Amino acid sequence: MRLLRLALDALRVDRRRTATTLAGIAVGAASVCLTVAVAESVSASSDAFYDRLRPDVLTVGPDPSAEGGARPLDPQAVTMVRGVPGVELAAATVSTRSIVPVASGPVAVAVVGTDPDYFGLYDLEFQDGRPFSEADAGRLVCVVGSALSREMGVGRRRARVIGRPCAVVGVLAPSGTAAQDRALYIDRGALADDAGWRGAEVRIHARVREGADLDAVESGVLGAVRRSARLRPEVDAGVEVQGPGAVRRETRRLRLGVLWAGLFVTGLAVAVSMIGVANVMYASVEARVFEIGVRRAIGATRRGVVLQLAAEAGAMGLGGSVAGVAAAMAVASALGLTIPLGASAAAVAMGAVGGLCAGLMPALRAGRVPPVEALRIGHPVAG
């Protein structure tokens, strides 16, 4: 306790230098915590989305890794996919974006053109109204997500999509994901030839019947897409078939890469702050040579001097990291993010240990100062 008190008293001598160093450490610790918080938020959001997907649904889309490049899908291929043995339901989606008027003004939202089977395929729940059906053929009708419905205004039953009026027949139940809650689903057939769909991404979704061989169905779906495009067997289709599990694994791999990249950048900030601690401690040793000489002359041991200076560095690291974690928690709370307890503890421990390590060399150097020489000439001489 006495050692810590001496260390804190020494840090108060040059408050400006100490405050600058503490601020650097705090920025590093806060950066680490916020990076982890953002990664956790994205992970939880995407996992919630994938958890809502059925594990028996296959998705066919362009394959950017194909030798001949990705091939755009024809949404009419869904007709042939429906005939594949083992396929229970199938629907095509054509995704684009459009400006939709809401209560606060025009906003850009995701617009998904699809078939009536899509809602049953994913067992989507409705909080109001119904999905569009075959009976709506020839009418421009749409279904909106819960968040978009609130933005449009209570009781509003018309929207304007791709420059045309659309009757809202249903509102989806909240899912907790912006991808669904702020989306607008429209009958694909009603706008099949509309210029707004040109260049839009097409995907085909197929639900596998219970008890069917998943691999056989996947092969059959890919074959149906190839036949629809009139491709010869030796020609690369340029499309891929994925289930939710494969998509989830790929998304997690990408998220992990982004997380490590973020931690690398923030780690550099922490390293720079630790260099600052080391510089402060070296400067402190230079400025306090006479003090150290006096302490050694009246009986202080080399070990005691080293421990005091190491305690100063550790206190700076601990104090800066605690301040950084507190600031990160305040920012995360304002942004609706959550910092894992483990990340907070790791940031504090990293700051304390990093500060201690950064101050170790200056502390050892101070311990080697011969007391007589320090008192005589007022600067350190290596022992």
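Which residue is the bridge partner of Val60 in strand 10? The partner is Val241. This is a predicted model, where local features need pLDDT of at least 70, side-chain atom pairs count only at pLDDT 80 or more, and totals for chains, interfaces and linings use all residues. Residues are numbered from 1 along each chain as its sequence is written, and side-chain values use heavy atoms, with hydrogens and water left out.

**Confidence**
- The chain has a mean pLDDT of 76; pLDDT is the predictor's confidence in each residue, from 0 to 100.
- A pLDDT of 70 or more is reached by 70% of the residues.
- Residues 379-383 have pLDDT below 50. Beyond near neighbours in sequence, this stretch has 12 contacts in the model (heavy atoms within 4.5 Å).

- Helices (H or I, at least four residues) and strands (E, at least two) are DSSP runs, numbered from the N terminus.
- Buried means under 20% relative accessible area, exposed over 50%, and partly exposed in between (1.4 Å probe, protein chains only).
- Strand 1 pairs with strand 9 in the antiparallel sense, over 4 bridges. Two strands pair if DSSP finds at least two bridges between them.
- Thr59 stands opposite His205 in strand 9.
- Strand 1 and strand 10 also run antiparallel, joined by 4 bridges.

**Helix 7**
- Helix 7 covers residues 214-228, and its end C-alpha atoms are 21 Å apart. That agrees with the 21 Å its 15 residues should span at 1.5 Å a residue (1.5 Å times one less than the number of residues).
- Asp213 caps the N-terminal end, with a side-chain oxygen 3.0 Å from the backbone nitrogen of Asp215.
- Buried residues of helix 7 include Val217, Val221 and Ala224.
- The buried residues pack against several elements, among them strand 1, helix 3 and strand 9.
- Ser228 lies in helix 7 and is buried, at 17% relative accessible area. Ser228 touches Ala77 and Met80, not counting residues up to four places away in sequence.
- Arg230 follows helix 7 and has a positive phi, near 55 degrees.

- Helix 10 (residues 302-335) has 34 residues and reaches 49 Å from its first C-alpha to its last, close to the expected 50 Å.
- Gly336 follows helix 10, with a positive phi near 75 degrees.
- Most residues other than glycine have a negative phi.
- Asp123 has a positive phi, near 50 degrees. Asp123 sits in the loop between helix 4 and strand 4 and is partly exposed, at 44%.

**Salt bridges**
- The whole structure holds 9 salt bridges (a side-chain nitrogen of Lys or Arg within 4 Å of a carboxyl oxygen of Asp or Glu).
- Asp115 pairs with Arg82, the closest N and O atoms being 3.6 Å apart. Asp115 lies in the loop between strand 3 and helix 4 and Arg82 in the loop between helix 3 and strand 2, so the pair ties together parts 33 residues apart in sequence.
- Asp115 is buried at 6%, whereas Arg82 is partly exposed at 36%.
- Asp117 also forms a salt bridge with Arg82, at 4.0 Å.
- Glu88 forms a salt bridge with Arg207, at 3.2 Å. This pair links strand 2 and strand 9, with the two residues 119 residues apart.
- Salt bridges that share partners join Arg82, Asp115, Asp117 and Arg188 into one network.

Key. A polar contact is a pair of N or O atoms within 3.5 Å; within protein, one must be able to donate a hydrogen and the other to accept it, and residues adjacent in sequence count only if both atoms are side-chain atoms.
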